[in-house]
Amino acid sequence: MKTGVLNHPGYKLIDEIKWISENGFDFIDLTIEPPGAYEFDVKEVKSLLEDFNLEAVGHTNPFLPFIFPVKSIRKACMDEFKTYIDIFNQLGIKLMNIHPSYNAPQMPDEDKIKENIEFFRHISELCKAVDMTLMVENFMKPFDSPAVFERIFVEISDIKMHLDVGHANICQEKNLTKSFFSKLSDKIVHLHFSDNKGFHDDHLPLGCGNINWKNIIKIIKNSGYDNTITLEIFSPHRDYLLLSRDKLKKWW
């Protein structure tokens, strides 16, 4: 198991890389988002990652409306993803995530699923061209259930899953992590950990919400998973992030 941190989009990326390395994490979940991590010198970032011997996973902007029913907006979103793939490729990153798009007024859920799958297909092809793997992240309905992800994997066989355990806890009768692992363990290649109280994506430190982390970790370990886990915790007091890391290692 390797532990990492998602760089805070509000802070400068260079400062985040230094802090993550200096505090003993194995990798950075490098998100390209404004205001702090959108425009940066790729060569400088690559050099810094190499100097710190810090691995990286690629994380993309979660707010891009790539199924919005206006062609110019869809094209702009596609151009953004092409830029992300190019940057991650220059950095030697082999895993890149994508979040489902929900921004499509009056579009029923079934059509949202179909439109997302078609976009994932195009992005996956672009990733494969540079030996990179695309992974889809779970979030809100209709992209919150194993059944929908099974559909995605039937349509696009070489795509993978990025399971966000915090997202699997939002507006559910019970956390869906066990269900995802029981049905899709062979597809799950990356995890996000943060806590919440079951209603919103709060990004709380571990133990500050209602997620039973000892049970979650037991489920994950029983599946045989032993890959990357990102702490996506945005407390302004970063000692809570370090405490969450220590709790995770103890529970693991």
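**Helix faces, single residues and the core**

Modeller: This is a predicted model.

Colleague: Which residues of α6 are the buried ones, and what puts them on the same side of the helix?

Modeller: Within α6 (residues 177-184), the buried residues are Thr177, Phe180, Phe181 and Leu184. They lie on the same side of α6 because the arc they cover around the axis is only 100°. Lys178 and Ser182, on the other side of α6, are exposed.

Colleague: What makes you speak of one buried side in α7?

Modeller: The buried residues there are Trp213, Ile216, Ile217, Ile219 and Ile220. Their arc around the axis is only 155°, so they fall on the same side of α7. Their cover includes α6, β7 and α8 (239-251). The other side of α7 carries the exposed residues Lys214, Lys218 and Asn222. After α7 comes Gly224, with a positive phi near 95°.

Colleague: Why is Lys214 called exposed?

Modeller: Lys214 is found in helix α7 and has a relative accessible area of 58%. The term exposed requires a value over 50%; Lys214, at 58%, is therefore exposed. The C-alpha atom of Lys214 is separated by 13 Å from that of Asp246, which is 32 residues apart from it along the chain.

Colleague: And how do you know that His192 counts as buried?

Modeller: His192, in strand β7, has a relative accessibility of 0%. Buried means under 20%, so His192 at 0% counts as buried. Leaving out residues up to four places away in sequence, His192 touches Leu6, Asp29, His59, Glu137, His162, Leu163, Asp164, Val165, Gly166, Thr230 and Glu232.

Colleague: What describes the packing of α3 and α4, and which residues make the contact?

Modeller: The axes of α3 and helix α4 (residues 109-128) are 10 Å apart, and the helices pack at an angle of about 35°. The crossing of α3 past α4 is right-handed. On the α3 side, the contact is made by Arg74, Met78, Phe81, Lys82 and Ile85; on the α4 side, by Glu115, Phe119, His122, Ile123, Leu126 and Cys127. Seven of the residues in this contact are nonpolar, one is polar and three are charged.

Colleague: Which residues touch the most other members of the largest nonpolar core?

Modeller: They are Met96, Ile123 and Phe193, in a core of 73 residues. Helix α3 (residues 71-90) supplies the largest share of this core, seven residues. Apart from neighbours within four places in sequence, Ile123 is in contact with Met78, Phe81, Ile85, Met96, Ile98 and Leu134.

Key:
Residues numbered from 1 in each chain as written. Predicted model: local features only at pLDDT ≥ 70, side-chain atom pairs only at ≥ 80, totals over all residues. Heavy atoms only, no water. Core = buried A, V, L, I, M, F, W, Y, C linked by side-chain atoms within 4.5 Å. Buried < 20%, exposed > 50% of the residue type's maximum accessible area, 1.4 Å probe, protein only. Helix = DSSP H or I, 4+ residues; strand = E, 2+ residues; numbered from the N terminus. Contact = heavy atoms within 4.5 Å. Arc of directions from axis to C-beta. Axes fitted to C-alpha atoms, helices over the stretch in contact; angles between N-to-C directions. Left-handed = near helix turned anticlockwise from the far one by under 90°. Nonpolar A, V, L, I, M, F, W, Y, C, P; charged D, E, K, R; others polar.
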